[in-house]
Amino acid sequence: MLFSRMLIPTLKEDPAEAEAVSHKLLLRAGMIRKLASGIYNYLPLGLRVLRKVERLVREEMNRAGAQEVLLPAVQPGELWQESGRWQIYGKELLRFKDRHGRDCCFGPTHEEVITDLVRREVHSYRQLPLNLYQIQMKFRDEMRPRFGLIRGREFLMKDGYSFHASEADAETCYQDMYDAYNRIFQRCGLRFKVVEADSGPIGGSFSHEFMVLAETGEDVLASCLACDYAANLEKAEVVLAAANPGAAPATAAPEEVHTPEVRTVEEVAAFLNVSTADIVKTLIYETENGPVALLIRGDHEVNEVKVKNLLRVTDLTLAGAGRVRELTGAEVGFAGPVDLNLPIYADQAVAAMAAAVTGANKTDHHLVRVHPARDFQVTQTADLRTVTAQDRCPRCGGELTLLRGIEVGHIFKLGTKYSQALKAVFLDEAGQEQLIFMGCYGIGVSRIVAAAIEQGNDDQGMIFPMALAPFQVGLIPISLNDAATREKALELHAAMEAAGLEVLFDDRDERPGVKFKDCDLLGLPVRVVLGPKTLAKGMAEVRQRRSGETVMVPLEGLLSHLQEIIRQEMD
């Protein structure tokens with residue numbers, strides 16, 4: 001492919017609109033262009049990378065026995081109303097009415113549509129199991145789309161769904177998909193980790209996320225250094241306290257202390273000369289079932305996903321100042337659990353405290369020597385906080401480390417959540433009607449492109465894995481005005497393409513430095529440079545982008561040398 005014939009509008013400077021490394025480089029390399037907030041055009045090079053990810057995903061899905069389908073992007077609202085998600089999915093669901101006034105949405109996912117298809121077509125156990133997938137644009141109306149392809153509103157996704165006559169068969173398929181996903185991300189040349197995860201609005205009993213490790217990742221995961229335990233921070237378990245809740249000996253009765261204008265945990269700790277671990281934060285939340293109070297130790301942070309799961313609610317919002325004043329009688333910063341007329345949910349670390357500092361439900365006042373088991377009634381004690389690097393592994397007790405990553409895949413055990421809601425049933429061998437067991441398997445195809453760049457880049461540009469690079473080789477003749485150089489470059493270009501190599505021939509009338517910079521910016525794994533002096537010696541300069549290793553290779557062995565580099569990086 002000739003550089004001069006392609007639409008590759010590279011930029012010399014980082015665009016002001018971009019924050020993430022991948023966003024900057026995709027724009028600079030002329031791979032994408034913004035159409036609207038969170039919505040992008042894919043230019044030729046960007047589309048080439050996207051198609052390579054698609055191809056790998058298709059190959060492994062087909063290898064695992066899945067069948068490809070294509071479902072409508074626009075979905076009838078009545079299906080979502082039937083499943084119960086029309087009301088709870090949130091504003092990310094782009095809802096609209098068609099010309100007849102019927103509710104519709106642009107699909108962010110396709111559980112309802114695929115379940116409707118299967119309930120119409122599958123009636124007998126003989127038709128199961130069934131594993132279907134598609135690769136299609138999705139739309140989620142993110143409030144703050146950011147980081148380019150990492151969190152856009154429109155994105156390319158592979159979503160797959162399996163249907164089974166038994167839970168055991170569904171679990172077998174789940175493991176098959178788990179293995180297939182591992183192969184996909186390995187073949188993409190990515191460093192990744194599989195973590196336990198919360199199922200979120202998709203639902204189901206259990207799920208795993210596949211996280212590409214990158215310091216710029218917006219997700220945090222906890223990983224054990226001694227065993228294979230790993231979990232998204234939303235899901236990571238905190239080891240239960242060694243002591244039983246309330247086992248610590250009681251102290252003297254609570255005492256009210258005047259703490260004028262002392263609101264934050266840090267301010268209270270400094271004013272009373274105590275540790276932040278001696279303080280209990282009382283947070284008032286609104287839910288669809290009414291307000292609740294959450295108690296968390298001062299040096300810990302509430303994990304709202306754990307709270308939602310415990311309370312079985314979808315809407316969890318911190319109460320405003322006026323509401324806090326109404327419910328506690330005090331300004332924000334002075335709420336406490338003693339004599340508080342609300343359901344109280346306490347983190348397990350709070351339940352084990354003996355002499356805590358809490359708000360007094362009185363502005364400018366706190367209580368000291370509060371004992372949870374004695375001084376207030378807790379509705380329920382549970383793990384409600386976010387794990388830290390100081391916690392121990394819940395599986396083996398080993399040391400945890402916190403890593404940053406980008407979610408690129410998520411698989412779910414759905415069970416009968418959707419088949420029950422949509423009445424997707426089959427007749428078993430005895431002729432009895434049974435609910436279909438389901439699984440769900442997603443991959444962010446366009447997000448993989450961004451994640452690969454976040455993981456592979458330097459000051460010069462992208463460093464693509466061989467499997468994803470828009471071209472495997474960048475061929476750069478130094479002097480196209482030299483007839484012999486041009487003729488040899490054209491000859492080698494034709495030979496490389498005939499041998500099956502993907503080559504971008506930079507035939508532009510530009511200085512060598514410009515061509516070198518663009519080749520590095522585009523992240524091409526191998527650069528071949530031809531010049532009159534090296535050609536006179538029957539040699540070509542070959543440089544590998546990732547390692548920076550540069551060698552002189554005889555022309556007669558150039559093709560085999562390049563093929564060996566590609567083979568090694570693809571293995």
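Colleague: What makes strand β27 (residues 473-477) mostly covered?

Modeller: Five of the five residues of β27 are buried. Buried means under 20% relative accessible area, exposed means over 50%, and partly exposed lies in between, with a 1.4 Å probe and protein chains only. A strand is a DSSP run of type E of at least two residues, a helix is a run of H or I of at least four, and both are numbered from the N terminus. On one side of β27 the buried residues are V473, L475 and P477, and on the other they are G474 and I476.

Colleague: On what is all this based?

Modeller: This is a predicted model, in which residues are numbered from 1 along each chain as its sequence is written, and side-chain values use heavy atoms, with hydrogens and water left out. Local features need a pLDDT of at least 70, side-chain atom pairs count only at pLDDT 80 or more, and totals for chains, interfaces and linings use all residues.

Colleague: How do you know that β27 and strand β28 (residues 503-505) count as paired?

Modeller: Two strands pair if DSSP finds at least two bridges between them.

Colleague: What makes the approach of V338 to N361 a polar contact?

Modeller: A polar contact is a pair of N or O atoms within 3.5 Å; within protein, one must be able to donate a hydrogen and the other to accept it, and residues adjacent in sequence count only if both atoms are side-chain atoms. The backbone oxygen of V338 lies 3.1 Å from a polar atom of the N361 side chain. Contact, in turn, means heavy atoms within 4.5 Å. Not counting residues up to four places away in sequence, N361 touches T328, G329, A330, F334, A335, G336, V338 and L340.

Colleague: Is T282 buried or exposed?

Modeller: T282, in strand β14 (residues 280-287), has a relative accessible area of 11% and is therefore buried. Beyond four places in sequence, T282 touches A293, L294, L295, A335, G336, P337 and L340. Its strand β14 belongs to an open sheet of five strands, β16-β14-β15-β17-β20, with mixed pairing.

Colleague: Why does K308 count as partly exposed?

Modeller: K308, in helix α8 (residues 304-311), has 29% relative accessibility. That value falls between the limits of 20% and 50%, so K308 counts as partly exposed. Leaving aside neighbours within four places in sequence, K308 is in contact with V313, T314 and L316.

Colleague: What makes a group of residues a nonpolar core?

Modeller: A nonpolar core is a set of buried Ala, Val, Leu, Ile, Met, Phe, Trp, Tyr and Cys residues joined through side-chain atoms within 4.5 Å. The largest such core has 62 residues, and M61, Y181, F185, I448 and L468 have the most contacts inside it. Domain 1 (16-236 + 401-453) and domain 3 (469-570) both contribute residues, so this core lies between them; domain bounds come from an automatic or database domain assignment. Apart from it lies another core, of 22 residues, including M466, L475, V526 and L562.

Colleague: How many residues does the protein chain have, and what share counts as buried?

Modeller: Of its 571 residues, 52% count as buried. The chain holds 17 helices and 31 strands.
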